[in-house]
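I opened the notebook with a simple plan: look up one thing at a time and jot down what came back. Here are the entries, in the order I made them.

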Amino acid sequence: MAVTDADVPPPLLDIPKAKEKKYDRQLRLWGIGGQIALEEAHILLINSGSGVTGVEMLKNLVLPGIGHFTILDSAVVSEADLGVSFFLEDASLGRFRAAETVRLLMELNPGVQGHAITEPLETFITKDNAFSPYNLVVAAAPIDASILERIRTHSQILHVPAFYFHSVGYLSSFSLLLPPAFPIVDTHPDSTATTDLRLLRPWPALSQFAKEKTAGLEDGTISAPDKAHIPWACLLLHYLEQWKKQHDGKVPSTYKEKSEFRTLVRAADPNEENFEEAYAAVLKTLNPPTASSAVREIFAAPEAQQLHAASPAFWLIAKAVAQFYAKHEQLPLPGAVPDMKAQSADYIALQNIYKSKARDDCAEVVASVRELEKQTGRSPKQAVDEKEIENFCKGAAHIHLVRGRPFQIAHAGQAITFGDRAKAMAMELTMPESLIGLHVAFLAWDEYVATHSTPASEGGGVGLKVPGSGADDFGTDTQRVTGIAQKIVDCLIKEAGTFVEDPEYSETKNRVGNFCMEIVRAGGGELHNIASLTGGLLAQEVIKVITRQYIPVDNTCLFDGVASRTQVLRI
Amino acid sequence: MQRRDRGIAQSLGLLLTKCVKESRVLLVGAGGIGCEVLKNLVCCGFGSLSGTASSKKPGIVVIDLDTIDLSNLNRQFLFRKRHIKKPKAFVAKETASQFNPSVDIDAHHASIFDSQYNVEFFETFDLVFNALDNLAARRHVNRMCLAANVPLIESGTTGFNGQVQAIKKRVTECYDCNPKPVQKTFPICTIRIWAKSYLLPELFGTSEEESADVAVTEGDSADELAKLKEEAEALKNVRRMMGKSEFAQEVFNKVFHDDIERLRSMTEMWQSRKAPEALSFEGLKAGSETEIIEHGRTLAEQDQAVWSVQDDLAVFTYSLDTLSNRCLTGEKVIEFDKDDKDTLDFVASAANLRSHIFDIPLHSEWEIKQMAGNIIPAIATSNALTASLCVMEGFKILRSQLGSVGGKEEATLGGAKMVFLNSRSTERMITTQTLAPPKADCPVCSPVYAKLRLRNGEGGKATLQELVDLLKEKVGYDEFAITTEAGIIYDPDLEDNLEKPLKDYVTHGNGFITVSDEGDEAKVDLVLSTVAHSGEDAELQLLPDSIMLPYKPKRESPAETNGHAKEIRATPEVVAAPTTTSSAGAKRKREADEEAESVKKRVMASKSEVHVVDDDGAILLDDD
């Protein structure tokens with residue numbers, strides 16, 4: 001099931017009491033809407049290797065109440081599994097790992113349904129619509145390259161987001177394949193970034209209010225307490241009017257002008273707190289209400305330009321907001337007012353002025369959406385929900401669009417290409433702090449697996465051989481993996497059409513080589529806390545994707561446990 | 001080697017694996033992070049070979065005072081529904097032991113402040129993990145670890161964010177070297193504060209005597225004060241009607257009608273703003289009292305909805321009825337607790353009624369709970385990430401104790417870092433900072449720590465004089481002061497206590513005695529942890545026997561120790577409500593910690609500003 005369709009906002013009050021209490025602490029982050037999306041989701045984990053990371057990820061999804069999960073894994077529990085996975089017990093030995101893990105995971109949350117598929121991956125994957133029950137697929141390395149290829153294709157055709165991850169020793173990484181258009185309205189921007197008071201473009205009601213509140217300020221007839229309680233927004237509006245009179249009707253626009261303006265405001269009263277607040281707010285709030293380039297890109301996207309009867313609601317609203325923006329040269333007003341020193345009554349009046357303008361702006365967008373619905377012949381049953389439009393208008397300045405990119409797959413003997421990212425990634429290679437070397441090392445690790453394993457048709461997952469897993473192959477495997485990695489580095493530099501000189505070139509190879517040595521040394525074994533951490537990162541991104549809130553990783557996240565840091569690269 | 005260890009041994013190497021297995025670790029807290037840390041510890045083999053064959057000690061000790069609540073289950077994965085109300089420490093041990101029977105876990109359902117957890121207890125560990133939810137306990141463990149010279153890994157999460165900090169005495173900053181980050185506070189909470197910290201205590205608290213002290217502040221007329229006192233007095237009279245059927249109506253009319261009418265009568269206050277509109281019980285009520293209570297009971301279940309004024313009246317009546325019954329059946333004092341639904345119903349409905357009167361937007365109970373109860377969002381993923389990072393830092397610290405490995409140059413604490421988690425960010429989810437060296441003037445980690453051994457834990461008949469003499473002899477003090485939790489007990493001008501027995505001031509356990517040099521060229525403070533001994537030795541003994549203190553580094557101004565509650569009087573915020581600022585302006589200093597729950601509720605008014613010390617520890621104070 002694809003999640004690109006317009007989701008109908010859930011009824012707000014249907015969530016039962018006990019459940020609400022249980023999930024209280026997370027509802028405060030992603031709300032009822034996010035919770036319902038989570039509870040309607042079904043996630044598939046294609047597990048392999050020592051298999052801890054994927055299970056740790058599921059733990060973090062079962063606890064907050066994901067609807068269904070399925071583990072696809074034909075492995076049988078071994079002694080080594082017991083030493084590293086928390087969700088297996090002594091009695092599990094010799095049984096199917098998927099079934100045992102599902103049973104123990106389900107103990108965590110009776111509201112969650114878990115399923116185990118122990119059928120071999122290579123037969124499962126050949127079925128048509130193998131992925132249709134799932135909202136999201138997560139695949140663990142090592143995996144047969146041709147099967148990974150099929151997973152990628154399924155994901156792209158059905159628009160089912162897919163994750164592919166590695167977790168070896170102290171190191172891990174994951175890549176995320178999202179649909180070609182993955183828009184997010186609820187990006188939860190930092191609260192400091194959301195203040196939008198339109199002080200440079202006040203509307204009559206706001207100007208009038210500011211005028212009333214600042215009456216008597218210039219001739220000194222205002223009482224001291226009243227002066228001390230003029231909301232800073234009104235102060236700035238007042239002084240902006242004065243500034244304009246002295247500057248041919250222009251507002252302060254350069255940094256220099258704003259600094260000058262700021263000093264002027266401060267000089268008007270050096271003692272009162274509200275004047276200080278006004279002074280402090282100048283640089284942050286005196287910005288023209290232009291949309292960011294990311295938002296304008298969304299307005300210009302083909303999906304917004306070529307609407308049709310079945311267009312997702314997002315694009316319909318985006319088009320309507322784009323029209324609004326074209327007409328008014330500003331986005332719909334969000335309507336929130338930050339804290340400021342004021343009399344309560346004045347503060348509330350100010351809030352109401354902003355809210356009322358926000359409502360008017362939103363109403364205009366709603367009207368445009370209705371018009372677009374008519375024009376595109378959308379069925380009234382599919383009418384875009386007004387709440388969704390309102391939500392869009394509130395967050396319009398921060399909407400985000402991710403264009404999903406397929407993750408790379410290393411086949412035996414085939415060159416790996418970076419396409420339009422080659423130049424940027426070649427540049428990345430030479431940065432001493434970059435973790436791209438880890439990405440290259442994992443690609444090399446994959447190619448080693450593809451080269452040294454029995455093909456899927458013959459042995460499937462059981463025949464996968466990872467570097468360093470044999471008794472004495474540490475030295476030779478390190479050489480092999482490092483060799484492949486260096487070839488990838490050279491190909492990338494060539495593809496980028498650049499040339500890396502020494503000492504940068506040797507240093508690059510050194511860094512990549514160190515990562516290779518480290519992952520071969522671990523021999524495909526997972527370290528529990530690194531698996532747990534990677535599972536946490538994965539679950540976090542899965543939640544972002546399922547709830548369509550917050551901006552997910554685009555598209556590869558690398559983690560170095562020794563340095564305890566991550567890096568996200570668009571590859 | 002068992003095949004079970006393959007993964008660990010291959011990643012950590014044999015030397016570190018052995019060290020991890022033979023280590024002994026203390027985990028303080030078995031909540032969100034604690035559960036995850038415990039899982040990581042057992043899965044990584046910590047403590048599985050701790051102690052020698054002859055003196056086998058549990059490899060992992062976990063201490064937690066809390067019991068399990070339903071709202072824990074979305075992340076604290078060692079607990080199930082059937083465990084609700086059971087001690088976290090015991091259940092965590094039980095669940096985690098099933099995974100690795102070879103790890104011996106010792107669980108304590110106790111407070112880390114208990115005297116049994118003294119410095120000698122802390123000294124038995126190789127590593128301490130803090131997985132706590134409050135500032136006071138974090139500071140305490142920090143101090144104990146400094147005293148015992150045991151490395152500490154401190155951690156915390158809020159929503160999507162988390163932080164891990166490795167602390168080692170004399171090597172890194174300690175927890176108290178820096179002021180703590182400020183938690184989000186809700187400055188516009190005067191109305192809720194009124195409901196929670198004035199009205200509720202007035203009706204169900206200890207206020208019979210004097211909780212509503214009226215502050216005499218500049219600008220308040222004597223008249224106004226008299227009226228306020230009168231108002232509080234009148235409320236006490238109403239309180240005496242508790243249990244009678246007209247109680248709800250009386251309270252309602254008192255606070256939402258009579259008091260408002262009185263405010264309204266002060267016309268000069270309402271010249272430039274909208275005057276409040278009083279409500280009347282009779283005018284609003286729909287149905288009989290029983291019907292209203294029933295209606296309120298139903299509404300109280302719908303905490304996501306914003307109730308209408310009539311609804312608020314119903315919930316108010318219902319909660320008042322419930323609370324009265326509790327009060328009359330023996331509960332002497334009912335205090336606000338966000339998880340006590342009856343008090344939350346009361347505060348939410350009363351706050352909304354008052355908001356309506358002052359034409360302020362109403363909120364749902366769910367929203368009010370967050371504002372009044374200081375709820376910190378918490379999710380499984382952040383805990384999992386943070387705990388994994390804690391254990392990673394643990395590996396590094398243990399590795400650093402092995403000495404130089406493979407000839408590599410060893411970084412501070414094996415390369416341990418200050419790690420920040422911000423999973424909301426899409427670019428920089430986990431970032432690090434180099435651990436800073438200790439702050440030279442940190443009042444907590446700059447002193448020298450030593451032990452004072454007291455015979456049988458109290459030093460018998462030993463007097464303060466004997467301690468003073470001992471310090472003069474063994475440390476070479478001339479002019480100095482001695483401070484305990486009770487305050488200064490001795491300094492050059494305070495000799496009254498010298499003849500008193502020491503046990504009046506100190507107890508063994510985890511108390512600290514601070515000795516500060518008052519001489520011209522001052523030496524650093526000496527902090528003594530008191531421990532008991534039962535031998536035949538002297539009553540008082542310093543350990544080590546003699547101490548050389550270095551001189552203090554020069555500094556501008558003496559650092560203040562934190563944690564002393566500011567002296568603030570309480571007054572009902574009635575006068576201030578309409579003239580309050582809605583600001584958390586630049587000049588206001590907000591001191592808050594994530595979860596300090598112990599600060600008492602106080603509300604203070606001066607001039608026209610409202611100063612709030614909320615019981616969530618959020619303090620808003622004027623700076624000037």
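**Entry 1: chain A overall.** I started with burial, and 49% of the 571 residues in chain A come out as buried. I am keeping in mind that this is a predicted model. For secondary structure, I counted 22 helices and 10 strands in chain A. I then took the box along the principal axes, and the C-alpha atoms of chain A fill roughly 90 × 60 × 45 Å. Of the contacts in chain A with a separation of 6 or more, 73% join residues 24 or more positions apart.

**Entry 2**

**Entry 3: two loop residues in chain A.** I looked up A:Pro252 next, which sits in the loop between H10 and helix H11 (255-268) of chain A. A:Pro252 has 21 C-beta neighbours inside 10 Å, and the cut-off for buried is 20 or more, so I put A:Pro252 down as buried. Leaving aside neighbours within four places in sequence, I listed the contacts of A:Pro252 as A:Trp243, A:Glu257, A:Lys258, A:Glu260, A:Phe261 and A:Leu286. A:Leu286 is 34 residues from A:Pro252 along the chain, and their C-alpha atoms are separated by 8.1 Å.

I then turned to A:Glu89, in the loop between helix H4 (79-84) and helix H5 (97-106) of chain A. A:Glu89 has 16 C-beta neighbours inside 10 Å and therefore counts as partly exposed. I also noted that 9.5 Å separates the C-alpha atoms of A:Glu89 and A:Val77, which are 12 residues apart along the chain.

**Entry 4: helix H6 of chain B.** H6(B) is mostly covered, with 12 of its 14 residues buried. Among them I noted B:Arg138, B:Arg139, B:His140, B:Asn142 and B:Arg143, as well as B:Leu135 and B:Met144. Just after the helix, B:Asn149 takes a positive phi of about 55°.

**Entry 5: a helix pair in chain B.** How do the axes of H11(B), residues 289-300, and H12(B), residues 309-328, cross? I found them coming within 7 Å and crossing at roughly 100°, and the two helices are therefore roughly perpendicular. Residues of H11(B) in this contact include B:Ile292, B:Ile293 and B:Leu299, and those of H12(B) include B:Ala314, B:Val315 and B:Tyr318. By class, I recorded seven nonpolar, four polar and three charged residues in the contact.

**Entry 6: where the chains meet.** I finished with the interface, where 68 residues of chain B are in contact with 75 residues of chain A. On the chain B side, the largest share comes from H15(B), with eight residues. I classed that side as 28 nonpolar, 25 polar and 15 charged residues.

How values were computed:
Residues are numbered from 1 along each chain as its sequence is written. Chains are lettered from A and ligands numbered from 1 in the order in which they are written. This is a predicted model: local features need pLDDT of at least 70, side-chain atom pairs count only at pLDDT 80 or more; totals for chains, interfaces and linings use all residues. Axes are lines fitted to C-alpha atoms, for helices over the stretch in contact, and angles run from 0 to 180 degrees between N-to-C directions. Helices (H or I, at least four residues) and strands (E, at least two) are DSSP runs, numbered from the N terminus. Angles under 35 degrees count as roughly parallel, over 145 as roughly antiparallel, 65 to 115 as roughly perpendicular and the rest as oblique. Two residues are in contact if their C-beta atoms, placed from the backbone, lie within 7 Å. Ala, Val, Leu, Ile, Met, Phe, Trp, Tyr, Cys and Pro count as nonpolar, Asp, Glu, Lys and Arg as charged, and the others, Gly among them, as polar.
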